[in-house]
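Work through the exercises below using the sequence and the structure. Each task is followed by a solution in steps.

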Amino acid sequence: MPGMLYADRIGHTFYMPDGALPALHNVTFAVAPCSLVCVVGASGCGKSTLLRILAGLLKPSAGRALLDGSPIEGPSPRVGMVFQKANLMPWRTVERNLTLPLELNGVPRAEREARAAALIELVGLEGFAGAYPAELSGGMAQRVAIARALIYRPGVLLLDEPFGALDALTRERLGSELLRIWQASGNTVVMVTHSIQEAIFLADRVIVLSGRPGEIVLNLEVPLPRPRALDVVHSAGFGALSARVRAAIGA
Amino acid sequence: MPWRWLVSPLVALALLGLWYGVTAADLLPAFMLPAPGDVFEAFYEALEAGSLPYHIGVTLQEVLLGLASGLGVALSLGYLLAKFPLFERILAPYIVGLQAVPIVAIAPLLIIWFGSGTQSKIITCALIVFFPMLINTVVGMRQVEPDLRDLMRALNATRWQTFRYLEVPAALPVLLGGLKVSATLSVIGAVVGEFVGANAGLGFMINSARSVFDTPTVYVAVFTLTLMALALYGLVGSLERRLLAWQRRREQPGSFAS
């Protein structure tokens with residue numbers, strides 16, 4: 001079941017040896033069930049911090065994050081997380097990397113394998129179940145990471161610059177793939193990116209954070225029709241939206 | 001290149017030939033270098049009499065028990081040191097100090113404390129094995145990728161699950177490297193112990209044969225010890241090939257990549 005996220009006046013400050021570093025300030029927004037929201041901003045604006053708070057990996061110093069109305073206290077199987085690096089275990093095959101979350105939860109082997117097979121098909125990696133991560137390209141490894149995040153059937157998928165380490169072509173293709181996977185799996189998705197074009201192409205809503213501390217300077221609805229093909233980026237509507245986002249980041 | 005497998009045996013054959021040549025030409029007196037035939041005869045006699053199997057059994061037992069206990073202590077202490085830096089800061093000088101004491105020098109003390117039976121040899125062996133294994137355990141645990149730790153945390157893994165599913169497999173290549181070094185050192189440890197004071201074992205066999213100028217028997221014991229160390233090393237090697245099969249796939253990166 002797709003989850004609903006709510007960031008309620010979230011603020012966060014890191015305390016370093018040489019002083020306090022404010023990362024986020026008064027961040028409030030809602031993510032409707034089944035929608036795809038992208039968070040953009042210059043590097044160091046606290047995007048990843050925000051995502052870690054939503055994932056329950058970090059406790060905010062102010063405010064709270066809610067999932068379906070209840071506070072997020074720690075990592076939950078309702079939330080799947082994809083990092084910038086694929087973070088696969090090099091000693092496990094693709095299939096066994098996928099089933100790791102299920103193994104940790106004592107799901108029986110037959111079910112683990114069935115779910116892995118379904119996800120391998122969903123992310124388009126048929127034939128690679130027995131491959132080791134060293135044998136995969138960067139794009140393929142990231143597909144495995146997305147599939148692993150989905151294996152719990154989480155309801156919410158959080159992606160922290162998942163395509164940041166990939167080349168431009170692979171990145172475009174995986175963006176379209178993500179849309180397909182999102183529509184097929186029916187999750188609520190929050191993705192952090194530093195690419196304006198990628199954000200508008202993918203999202204229902206784009207949230208722009210200002211630099212240090214990160215504050216919301218724009219919460220923009222993207223009314224482009226779906227399904228979206230790659231050439232939507234050349235439309236007039238797309239150009240107008242990216243101009244607004246760019247202006248907000250620069251402000 | 002199948003001929004590569006032939007090189008090592010050919011080197012052994014050449015050395016054997018050289019040995020034979022030197023003794024046949026009487027270049028060295030027999031009490032220094034006996035002929036290969038004499039050594040083989042001594043080997044056969046010791047085998048027949050049952051003394052060789054007996055001494056092998058004693059030394060092997062010391063080696064295996066010493067290796068096991070040294071590994072056990074090194075692995076658990078290494079894990080704690082890697083996990084708790086404070087613990088490491090307190091203990092590190094003592095551990096390095098322990099390593100700085102030559103084992104050969106304290107072997108007599110160990111005999112005084114634990115007697116001339118197998119116990120003192122097991123302890124000598126464990127002490128010699130301990131340090132390299134400890135270092136490798138700490139290094140192995142430290143090189144676990146922080147990102148993978150994050151992943152385990154995001155998956156709500158327990159401490160035990162993180163140990164079993166992440167730390168052990170991630171550290172395994174380094175641990176097995178340490179085990180290879182330890183396996184050969186363990187034989188040295190047992191022999192050092194036996195040299196200082198023993199009434200059985202291959203080290204004892206060398207000592208007592210030497211005292212009656214039975215050089216062929218000394219050679220028999222030396223070769224047996226070498227073979228024992230090689231066998232242990234080979235055992236760890238095959239364990240490695242089995243456990244780290246995934247690493248060999250790395251040799252052709254991108255072979256599956258699109």
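**Exercise 1.** Classify A:Glu177 as buried or exposed, and describe its salt bridge with A:Arg180 in this predicted model.

Solution. Step 1: the relative accessible area of A:Glu177 is 16%. The cut-off for buried is under 20%, so A:Glu177 is buried. Step 2: A:Arg180 has 37% relative accessibility and counts as partly exposed. Step 3: the two side chains form a salt bridge with an N to O distance of 3.1 Å. Step 4: both residues lie in helix H5 (residues 168-185) of chain A, and because they are three residues apart there, about one helical turn separates them.

**Exercise 2.** Which parts of chain B does the pair B:Glu167 and B:Lys83 tie together?

Solution. Step 1: the side chains meet in a salt bridge at 2.8 Å, N to O. Step 2: B:Glu167 lies in helix H8 (residues 159-196) and B:Lys83 in helix H3 (residues 51-83), so the pair links parts 84 residues apart in sequence. Step 3: B:Glu167 is buried at 0% relative accessibility, whereas B:Lys83 is partly exposed at 27%.

**Exercise 3.** Describe the largest pocket by volume, lining and residue class.

Solution. Step 1: the space in the largest pocket is about 550 Å³. Step 2: 17 residues line the pocket, and those closest to its centre are B:Trp19, B:Tyr219, B:Phe223, B:Thr224 and B:Leu227. Step 3: H10(B) gives the largest share of the lining, eight residues. Step 4: the lining has 15 nonpolar, two polar and no charged residues.

How values were computed. Residues numbered from 1 in each chain as written. Chains lettered and ligands numbered in written order. Predicted model: local features only at pLDDT ≥ 70, side-chain atom pairs only at ≥ 80, totals over all residues. Heavy atoms only, no water. 1 Å grid on protein atoms, 1.4 Å probe; cavity = no way out; pocket = protein on both sides within 12 Å on 5 of 7 lines; lining within 4 Å. Points joined across faces, edges and corners; volume = space filled by probe spheres on them. Helix = DSSP H or I, 4+ residues; strand = E, 2+ residues; numbered from the N terminus. Nonpolar A, V, L, I, M, F, W, Y, C, P; charged D, E, K, R; others polar. Salt bridge = Lys/Arg side-chain N within 4 Å of Asp/Glu carboxyl O. Buried < 20%, exposed > 50% of the residue type's maximum accessible area, 1.4 Å probe, protein only.
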